[in-house]
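Please have a look at it first, and then we will go through it together.

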Amino acid sequence: MNRVWIYFFFVCCFCFPGRSQAQKIEAMKHLPEQFDGYAVSEWLDYEGEALYDYINGGAELYLSYGLAGMTGCKYSGEGLPQITAEIYEMTSPANAFGVYTQSRDREEQAYGQGSQSLSDCVLFWKDCYCVVITTRKATPESGKAIHRLAALIDSAIPGTGDRPAIVNALPQKNLTPGGYIYFHHYIWLNAYLFIADYNIVNISDQTHAVLAKYGNPDERCYLLLVEYPDAAGTEAACRQLKDKFAPESTDPRAKLQLEDGTWFMTWTRNKHLYAIFNSNSSEQIEDLYQSIINN
């Protein structure tokens, strides 16, 4: 793959989000027919809810984070497992980061601004893009090819984007590596831990939320952190949490043991809501609380 290949790959995938279908097909003609024994067998190009036609049952993840479009291709080769390269363009770097956090379970830095590699998959985010490269079967040839594609796509994206600022508010002490998700749609609130079957803390496009794991698997507790546009919204969400989990408490920062034996705590600070769930002891919840206020 030469510099011309990389240039046209970038032009096709990133520069013309509003172009017509005919223009997309024309631009894709500049992509390589072959590399390392592989040849393009199918172009991929989806926008909005059309993504359901491609990944029925999985499109909600991308659409809930503001999908601008997905482009990519499938590669096949004689005796080689098929490779699929998908580039999801989101409406902001924060949303690209959010999609990435939903899919990874550890943090690496091989590609983009954060990545994870498995024997049959490479995932990374960079700027407004979340990139997923997969192969149907992990072999030495397909493993080498998916990493080569990842490096080329990484180099073709010229800019970077900022992670959501709220992530920096997570205390690092006892944080599970790769153990948090960023979101602003309430359907992802229960991704790690079921809290409620409705939007209990009023998460919306105007809020920023992180749900994080702390401690080892045998002593796992969870921190929910949500930033609201104003203090009134923060206080309203906190009241709703207390009404569900601690209706009799009048202490604004009380540590309470629930009926299932776990400990719970919620409080507000500026425009931020904090809630700790599933703590196995008063000492554990106090330790996390101190880490938060000293962060």
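Predicted model: local features only at pLDDT ≥ 70, side-chain atom pairs only at ≥ 80, totals over all residues.

**Two strands to start from**

Strand E9, residues 208-214, and strand E10 run antiparallel and are joined by seven bridges, where strands, like helices, are DSSP runs numbered from the N terminus, with at least two residues of type E for a strand and at least four of type H or I for a helix. Two strands are taken to pair if DSSP finds at least two bridges between them. Within this pairing, alanine 209 has valine 226 in E10 as its bridge partner. The hairpin of E9 and E10 has six residues between the strands, and in that hairpin glycine 215 takes a positive phi near 85 degrees.

Residues are numbered from 1 along each chain as its sequence is written, and side-chain values use heavy atoms, with hydrogens and water left out.

How much of E10 is buried? Strand E10, residues 221-227, is mostly covered, with six of its seven residues buried, and buried here means under 20% relative accessible area, exposed means over 50%, and partly exposed lies in between, for a 1.4 Å probe and protein chains only. E10 also pairs with strand E13, residues 272-279, in the antiparallel sense over six bridges, and there tyrosine 222 stands opposite phenylalanine 277 in E13.

These strands belong to an open sheet of six, in the order E8-E9-E10-E13-E12-E11, with antiparallel pairing. Strand E8 (175-183) and strand E11 (256-257) stand at the edges with a single partner strand each, so one side of each has no neighbour in the sheet. E11 is joined to strand E12, residues 263-269, by two bridges, and the two run antiparallel; in E12, tryptophan 263 is the bridge partner of glutamine 257. Helix H7, residues 282-293, packs on this sheet and touches E9, E10, E12 and E13, its direction making about 20 degrees with that of E12. Contact means heavy atoms within 4.5 Å, and for the angles, which run from 0 to 180 degrees between N-to-C directions, axes are lines fitted to C-alpha atoms, for helices over the stretch in contact.

Let me turn to the other sheet. Seven strands form an open sheet in the order E1-E2-E3-E4-E7-E6-E5, again with antiparallel pairing, and its edge strands are E1 (34-35) and E5 (115-118), each of which pairs on one side only. Strand E4, residues 80-90, and strand E7, residues 129-135, run antiparallel and are joined by seven bridges, with glutamate 89 standing opposite tyrosine 129 in E7. Helix H4, residues 93-103, packs on this sheet, touching E4, E5, E6 (121-126) and E7, and its direction makes about 155 degrees with that of E6.

Now for some loops. Glycine 66 sits in the loop between helix H3 (59-64) and strand E3 (67-77), and although 25 residues separate it from threonine 91 in sequence, the two are 5.5 Å apart in space, C-alpha to C-alpha. Most residues other than glycine have a negative phi. Aspartate 127, in the loop between E6 and E7, has a positive phi of about 55 degrees although it is not a glycine. Asparagine 270, in the loop between E12 and E13, likewise has a positive phi of about 55 degrees without being a glycine, and at 66% relative accessibility asparagine 270 counts as exposed.

A pocket is an open set of points on a 1 Å grid over the protein atoms alone, with protein on both sides within 12 Å along at least five of seven lines, whereas a cavity is a set where a 1.4 Å probe fits but cannot get out, and lining residues have an atom within 4 Å of a point. Grid points are joined across faces, edges and corners, and a volume is the space filled by probe spheres set on the points. By this rule there are two cavities of 30 Å³ or more, and the second largest cavity, of about 40 Å³, has Lys242, Asp251 and Phe264 among its lining residues.
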